[in-house]
Amino acid sequence: MFVLSGYEYLLGFLLVCSLVPALALSASKLLRPSTRGPERRTTYESGMEPVGGAWIQFNIRYYMFALVFVIFDVETVFLYPWAVAFHRLGLLAFVEALIFIAILVIGLVYAWRKGALEWS
Amino acid sequence: MNLAEGVQLVSLLLLSAMMLGAALGVVLLSNIVYSAFLLGGVFVSISGLYILLNAGFVAAAQVLIYVGAVNVLILFGIMLVNKQRDFTPIPNAWIGKLATGVVCLGLFALLGAMVLGTPWALSTEAAAGDAAIMLIGEHFFSDFLLPFELASILLLMALVGAIILARREFLPDEDLDQPADQVLTLPERPRELVSAGSTGNTADESGDR
């Protein structure tokens, strides 16, 4: 019994994905001129000058967006089986899913009113 | 052993090796950001194991929630508190290490005994496969309806609690302002405009144009 039937494409994608960085790095290693100037060590060559260190403390706002994202992510996972089995479930399940969404829309409205979704 | 079983065995071994290596990296690396990224590797390997067990929906949920959301939250949490401070060696640190070792070994022994003691009776029915999603949906709206609706209330509570905590509404103003100046390392407008609401935004946007 081949349990992975239907996952041949996934395996192909994994193969291509793992080949892409190796091929890109080795191709650029072959093609690029090997100079060792000070310009080469900058983060963005002929770009913006980076200011300060990269290991900085981030703003709390990113965490808030991530939290809101997690909650609607979980909601999506809950709604996906309902969408797949929609034609077998009928009207009552539709109403129940609407209740589920309505409770979460309350949270969205709260976040909106509190300004949690604004990048100010 | 035919080709399919060989593929399955090789995948299982590769995934297990990936998972164990990443888990060891999580524990052993001293840089906590690397640990967090390797934790994502552990989650991805677990989702691969779910695919091997013919549980595609669980694998997708694992990637979507654990890798996409929980691990990102952990990373953000690390980056929010990422202060480079040198840890001075504590005297008598070996007591703590000993206690940690005893607890970890005890937990390992407990889990090992449980794994060995459980009769792993495999179901003779065929795996549900892709029809599992439909079965989960039907269970959600028949006998698991109340937990399903309670989950939405739980999510609502988490959202409201996160907003209240992140906005720090219950802290006095001087506590809110002084650490915020040190925290704001990204070029952003000052914090007073947050409470000013939409009027401040429109003024700034018109000023930009």
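Trainee: At what angle do α1(B) and α2(B) pack, and how far apart are their axes?

Mentor: This is a predicted model, where local features need pLDDT of at least 70, side-chain atom pairs count only at pLDDT 80 or more, and totals for chains, interfaces and linings use all residues. Residues are numbered from 1 along each chain as its sequence is written, and chains are lettered from A in the order in which they are written. Axes are lines fitted to C-alpha atoms, for helices over the stretch in contact, with angles from 0 to 180 degrees between N-to-C directions. For α1(B) and α2(B), the axes lie 8 Å apart and the angle is about 160 degrees.

Trainee: How many nonpolar residues are in the contact of α1(B) with α2(B)?

Mentor: Contact means C-beta atoms, placed from the backbone, within 7 Å. Leu12(B) and Met19(B) are among the α1(B) residues, and Leu38(B) and Val42(B) among those of α2(B). Ala, Val, Leu, Ile, Met, Phe, Trp, Tyr, Cys and Pro count as nonpolar. The contact has no charged residues, seven polar and 14 nonpolar.

Trainee: What distance separates the end C-alpha atoms of α2(B)?

Mentor: Helix α2(B) has 21 residues, 32–52. The expected span is 1.5 Å times one less than the number of residues. That should give 30 Å, and the end C-alpha atoms agree, being apart by 30 Å.

Trainee: Which residue just after α2(B) takes a positive phi?

Mentor: Look just past the end of α2(B). The phi there is about 65 degrees, and the residue is Asn54(B).

Methods. Helix = DSSP H or I, 4+ residues; strand = E, 2+ residues; numbered from the N terminus. Contact = placed C-beta atoms within 7 Å.
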